[in-house]
Amino acid sequence: MSAGTPAAAGPDALEELLGDPFDPANPAGYRAAVDADDAGSVADAATRALDTWGAGAEFVPASLGGRFTAVDELARRFRPAFRRDAGLGLGYGLTSLMAALPVWTAGTGAQRERLAALLAAGHPVPVAFHELGHGNDLSANALAARPTADGWLLDGTKQVINNADRAGAVLVLARTRADDGPERAHTLLLVEDLDDLPAHGFTRLPRYRTTGLAGCRLAGLRFTGCPVPRSATVGTVGHGVPTALAAFQVSRCVTAAASTSLLEAALDAVLRFAGGRELYGRTVADLPHARSLLAGAYADLHLAQATATTAARALHLHPAGGARIAAAAKYLVPLLVEDALNDLAVVLGARGYLREGEYAIVGKHLRDAAGVSIGHAGGTSCALTVLGQLPGLRPAAEPPDPDLFSGRPLPELDLSRLRLTGPRADPLLAVLADPTGPAGAAGDPAPRTRELLAGLTAAARTIGARAAALPAARRGVEADHRALALADEYARLVAAASCLGRYAAGRADGSPGGLPPGWLDAVLRRVVRRRGRHGDPGSATSDSALLTHAAARTAAGLSLDLDPDRVVRHRPHPPRRPHPSRVLTPTAGGTP
């Protein structure tokens with residue numbers, strides 16, 4: 001750990017270092033983030049804040065001297081960075097986490113120690129898996145490593161690699177066996193001291209420019225008969241793909257959770273706008289359509305965060321089925337975030353297109369959200385992971401571990417317990433299928449909520465049989481929209497179970513976890529809406545309860561997250577009502 005790194009720095013410490021994002025003079029605020037993004041960079045002051053916080057130590061397990069213990073806590077601690085700039089959160093660190101996880105899983109003691117030292121010192125370590133010609137299909141990767149007497153010779157190119165232009169080490173997935181099946185054909189290599197590689201064998205390629213995440217430094221690496229030592233081998237030769245896929249379970253949960261911080265920040269900004277913008281003698285926040293969109297975005301934020309947090313904690317408590325649950329979260333959460341961001345853009349109106357001004361951050365977050373959701377496994381890839389494990393899936397006979405929803409601290413993640421395929425007894429389906437469990441603990445919900453729960457219970461009990469009825473060919477890459485709809489349905493059942501479990505855990509503690517009245521009905525209604533059913537819209541009473549809750553959070557200096565953190569955000573004075581004679585009214589031509 002670098003000198004001066006706080007031993008137990010949390011999100012509050014990083015939030016203070018980054019300062020008030022709405023302060024136009026703050027070099028780590030929203031204005032600086034948008035200006036830097038337009039220049040294809042991130043704000044220098046924000047990067048320095050992460051250095052001071054010791055962000056690299058977040059990716060190093062506590063057993064190796066770092067601060068990484070629980071997956072959900074790691075995601076929570078990075079919230080302040082993602083609220084301000086997704087390029088900052090991804091570019092500074094989360095891609096280094098993707099590179100580190102396979103080494104923590106299968107690397108030698110010496111590899112782990114060297115990598116821990118690099119990360120704790122703040123040096124980026126990219127993960128070089130991606131080849132543009134093969135997309136998310138790791139088994140098709142072509143960069144080759146040919147064995148020599150004392151190591152390997154690398155030949156091939158990796159593209160759109162974050163921080164490829166400045167990294168001193170990189171984790172490479174290379175084809176090492178041309179004649180084996182795809183699952184045993186690749187090996188992971190931790191290539192260190194890149195600047196010391198021979199010039200004829202290694203080249204850093206020019207940077208790629210992107211519409212979103214413009215501050216991420218995406219470039220390429222080319223190897224031409226480049227020698228690397230045998231000691232670079234991570235794990236067993238030929239086991240690179242399964243090792244990488246096991247590590248993806250963690251990175252999928254973290255990136256899904258991180259994407260929700262973009263929504264939290266945008267929602268706060270649009271609530272600020274709606275409360276201060278006068279239209280027709282009322283604020284935008286008083287208009288029924290705007291209120292409905294704002295309340296829906298708040299419900300979606302909590303729905304997404306409940307799902308991502310549950311998936312992250314399942315890696316600790318139900319690791320055998322973690323791959324399926326993590327893939328479901330990585331599939332669904334970015335969809336929820338992007339849809340809610342689009343709804344917020346509607347409330348913001350024309351200002352959502354501006355790249356300057358107090359609310360330009362909303363447009364930036366909307367541009368960035370799609371990039372955060374892709375990573376090394378996009379939505380379709382995650383849906384296919386889920387679909388392959390659905391046939392025969394059934395609710396587990398026993399309820400999940402109570403700590404899955406409790407929020408209590410978890411022990412350090414044991415990566416060796418993660419599996420690529422899990423048992424057919426699913427702990428989250430059990431939450432929905434057992435009326436004496438969390439569903440019963442929900443108390444006496446309104447009739448429409450009971451109707452929602454009944455439909456979810458029926459789906460949880462039958463989804464495995466419905467998936468088993470599909471032809472085998474339609475459970476893989478030949479899956480059509482009907483088959484993928486089952487994967488989508490499972491993801492939404494996971495989301496519903498996550499919210500139900502969270503709500504029940506709060507009631508068991510004597511209150512619904514500080515949640516607003518009608519919260520359970522609101523989030524379950526969003527699940528049904530996202531499953532393609534029309535459903536009833538939230539009532540005006542429900543919208544008011546959610547928005548009142550949000551206003552109380554901001555007044556108390558708390559974030560809008562499901563598990564709120566202290567935030568540094570100056571709140572403007574309430575808007576001054578205009579004189580009645582100056583109130584704008586609609587004209588025959590439409591909105592003035």
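**Group meeting: helix packing around α8**

Hi everyone, let's start with two long-numbered stretches, α8 and helix α9 (residues 288-317), whose axes come within 9 Å and cross at roughly 160°. This is a predicted model, so please keep that in mind throughout. Angles over 145 degrees count as roughly antiparallel, and α8 and α9 are therefore roughly antiparallel to each other. The crossing of α8 past α9 is left-handed. On the α8 side, the residues making this contact include Val-250, Cys-253, Ala-256, Ala-257, Leu-263, Leu-267 and Leu-271. From α9, the partners include Leu-294, Ala-297, Tyr-298, Leu-301, Ala-304, Ala-308 and Leu-315. You will also find Glu-264 of α8 and Asp-300 of α9 among the contact residues.

Now, which way do α6 and α8 run relative to each other? The axes of α6 and α8 (residues 240-276) come within 9 Å and cross at roughly 160°, and these two helices are therefore roughly antiparallel. Here the crossing, α6 past α8, is right-handed. From α6, the contact uses Ala-86, Leu-94, Leu-97, Met-98, Leu-101, Pro-102 and Ala-106. From α8, the contributors include Thr-243, Ala-247, Ser-251, Val-254, Ala-258 and Leu-262. If you have the structure open, look at Val-250 of α8: this residue is listed in the contact with α6, and also in the contact with α9.

Next, α7. This helix covers residues 109-120, twelve residues in total, and reaches 16 Å from its first C-alpha to its last, close to the 16 Å expected at 1.5 Å a residue. Which residues of α7 are buried? They are Gln-111, Leu-115, Ala-116, Leu-119 and Ala-120. These residues cover an arc of only 150° around the axis, which puts them on the same side of α7. As a reminder, an α-helix has 3.6 residues a turn, so residues three or four places apart point the same way. And what covers that buried set? The cover includes α6 (86-106), β5 (186-191) and β8 (233-234). After α7 comes Gly-122, with a positive phi near 90°.

One last stop, away from the helices. Ser-139 sits in the loop between β1 (127-128) and β2 (144-147). Is Ser-139 buried or partly exposed? Its relative accessibility is 25%, so Ser-139 counts as partly exposed; the cut-off for buried is under 20%. Ser-139 and Leu-173 are 34 residues apart along the chain, and their C-alpha atoms are separated by 9.8 Å.

Terms used: Residues are numbered from 1 along each chain as its sequence is written. This is a predicted model: local features need pLDDT of at least 70, side-chain atom pairs count only at pLDDT 80 or more; totals for chains, interfaces and linings use all residues. Side-chain values use heavy atoms; hydrogens and water are left out. Helices (H or I, at least four residues) and strands (E, at least two) are DSSP runs, numbered from the N terminus. The expected span of a helix is 1.5 Å times one less than its number of residues. Buried means under 20% relative accessible area, exposed over 50%, partly exposed in between (1.4 Å probe, protein chains only). The arc is that of the directions from the helix axis to the C-beta atoms. Contact means heavy atoms within 4.5 Å. Axes are lines fitted to C-alpha atoms, for helices over the stretch in contact, and angles run from 0 to 180 degrees between N-to-C directions. Angles under 35 degrees count as roughly parallel, over 145 as roughly antiparallel, 65 to 115 as roughly perpendicular and the rest as oblique. A crossing is left-handed if the near helix is turned anticlockwise from the far one by less than a right angle, and right-handed if clockwise.
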